[in-house]
Amino acid sequence: MTGIAVKPRARVAAMPEYHPPLGNRDLTRLDFNENTLACSPRVAEAIRLLTCERLTKYPERGTVEARAAAHLRLDPEQVVLTNGVDEAIHVLCQAFLEAGDELLLPVPTYTMYEIYAAQTDARLVTVQAGEDFAFPYERMLAAITPRTKLICIANPNSPTGSVTTREQILAICAAAPQAIVLADEAYFHFFGETVIDLVGQIPNLAVARTFSKAYGLAGLRLGLLASSAENMRWIRRVLSPYSVNSVALAALPAALDDQLYLETYVTEVKRARMEFLLDLTGLNLRIWPTQANFVLVDIGADHRGFVEHMRQAGILVRDRSADPGCQGLVRITIGTREQMRRASIAIENYLAQCKSGDRA
Ligand code: PMP
């Protein structure tokens with residue numbers, strides 16, 4: 001049967017599909033900034049104890065949400081659990097962005113801000129970071145207009161690892177009182193600084209946290225959004241009531257209870273980071289300061305060849321060349337010291353091949 005094609009909204013028709021480069025990931029995963037080992041065994045146990053009867057029920061997030069809020073010393077009205085931080089970004093865009101509004105982003109930054117905003121009628125305004133990839137603070141302030149409605153600051157930022165200070169975030173909140181300022185603290189555990197204590201005190205501040213990174217639960221899709229009770233009322237209107245499933249809800253208290261596991265993993269990554277950055281510097285590669293569980297490395301024109309060389313060596317890394325200002329740059333997740341030693345050797349071999357002329 002032929003018919004007239006059903007047209008989507010113009011905004012949707014103009015969007016490309018977004019497919020993160022997954023697939024064949026049974027190698028050492030230094031490509032998506034995940035936990036490169038495993039989640040806490042207590043989380044695995046909590047999931048194992050889930051009954052079939054429990055799975056017949058729709059998920060009820062209330063008590064677990066309150067538990068997460070208490071963990072962060074926030075009121076339950078200030079917090080929602082989300083299907084990853086990605087859903088938090090999605091609902092922020094849905095709740096706050098309309099025609100004529102501006103989403104303000106420093107770039108390069110996390111891809112999904114732009115993708116969710118592209119589904120709204122808001123306009124994207126970007127501020128390119130300089131060559132040092134430091135947060136372009138002054139120019140961000142200068143880019144704020146009365147139409148600025150949402151400002152997303154990944155802190156630490158991805159793919160750069162650079163950070164924004166508490167003072168800078170506060171000044172941006174003050175300069176754009178008509179806008180939500182999202183501090184996306186997905187990589188908080190590897191940095192240690194937060195503005196989550198200011199939620200409620202600064203009316204336009206929102207903070208996102210994820211269980212996908214240090215906690216090692218990317219597959220469960222579990223994130224959290226915090227803001228003033230007033231802002232959260234709008235968020236709850238657009239949030240799907242069952243977007244956080246029962247398995248994720250069963251896992252969350254166990255994940256929060258096992259802080260020792262979290263500390264052990266984060267300590268390991270920080271040690272590995274110190275060693276790996278020294279290795280890269282020793283190999284004369286240009287890198288940028290990072291407070292996250294990844295580092296951006298300047299590979300140059302052969303960035304594709306490098307990614308392939310690493311894959312042959314059993315290690316997945318992420319080419320960021322398509323990001324604004326990132327031509328020739330590859331992002332490498334920091335895992336354990338053992339994993340990073342293997343990565344260093346693979347990189348050394350690559351550079352040796354370049355030097356000996358074995359690589360074009
Ligand atoms: N924010 C940033 C800065 C990220 O890098 C990522 C993950 N790549 C996310 C949010 C998404 O996290 P989640 O898995 O919780 O959706």
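**Notebook: loops, a ligand and its shell**

I began with Asn284, which sits in the loop between helix H11 (259-282) and strand S9. Helices (H or I, at least four residues) and strands (E, at least two) are DSSP runs, numbered from the N terminus. Before going on, I noted that this is a predicted model, where local features need pLDDT of at least 70, side-chain atom pairs count only at pLDDT 80 or more, and totals for chains, interfaces and linings use all residues. Residues are numbered from 1 along each chain as its sequence is written, and side-chain values use heavy atoms, with hydrogens and water left out.

**Positive phi**

I looked up the phi of Asn284 and found a positive value of about 65°, although Asn284 is not a glycine. Most residues other than glycine have a negative phi. Asn284 is exposed, because its relative accessible area is 72%.

Arg73 was my next entry. Its phi is near 55°, again positive in a residue other than glycine. Arg73 lies in the loop between helix H4 (62-71) and strand S2 (79-82). With 78% relative accessibility, Arg73 counts as exposed.

**Cis bonds**

I then turned to the peptide bonds. Most peptide bonds are trans. Asn155 and Pro156 are joined by a cis bond, with omega about 0°. Another cis bond joins Ser158 and Pro159, with omega about 10°. Where is Pro156 found? I placed Pro156 in the loop between strand S5 (148-154) and helix H8 (166-175). Pro159 is in the loop between S5 and H8.

I also checked Asp121 against Pro156. They are 35 residues apart in sequence and 28 Å apart in space, C-alpha to C-alpha. Asp121 is found in the loop between helix H6 (112-118) and strand S4 (123-128). Its relative accessible area is 44%, so Asp121 is partly exposed.

**Buried residues**

Is Asn293 buried or exposed? I found Asn293 buried, with a relative accessible area of 0%. Asn293 lies in the loop between strand S9 (286-287) and strand S10 (294-298). A polar atom of the Asn293 side chain lies 3.1 Å from the backbone oxygen of Asn33. I count a polar contact as a pair of N or O atoms within 3.5 Å; within protein, one must be able to donate a hydrogen and the other to accept it, and residues adjacent in sequence count only if both atoms are side-chain atoms.

Val91 is in helix H5. Val91 counts as buried because its relative accessibility is 4%.

**The ligand**

Last, I looked at the ligand. Residues around the ligand (a heavy atom within 4 Å) include Gly84, Val85, Asp86, Tyr110 and Lys213. Helix H5 (residues 84-96) gives the largest share of this shell, 3 residues.

Which atoms approach the ligand? A side-chain N or O atom of Asp184 is 2.6 Å from a ligand nitrogen. Thr210 places a polar side-chain atom 2.5 Å from a ligand oxygen. For Arg221, a polar side-chain atom is 2.7 Å from an oxygen of the ligand. The protein covers 91% of the 400 Å² of accessible area that the ligand has on its own (Shrake-Rupley method, 1.4 Å probe; for residues, only the protein chains shown count as cover).

Key
Buried < 20%, exposed > 50% of the residue type's maximum accessible area, 1.4 Å probe, protein only.
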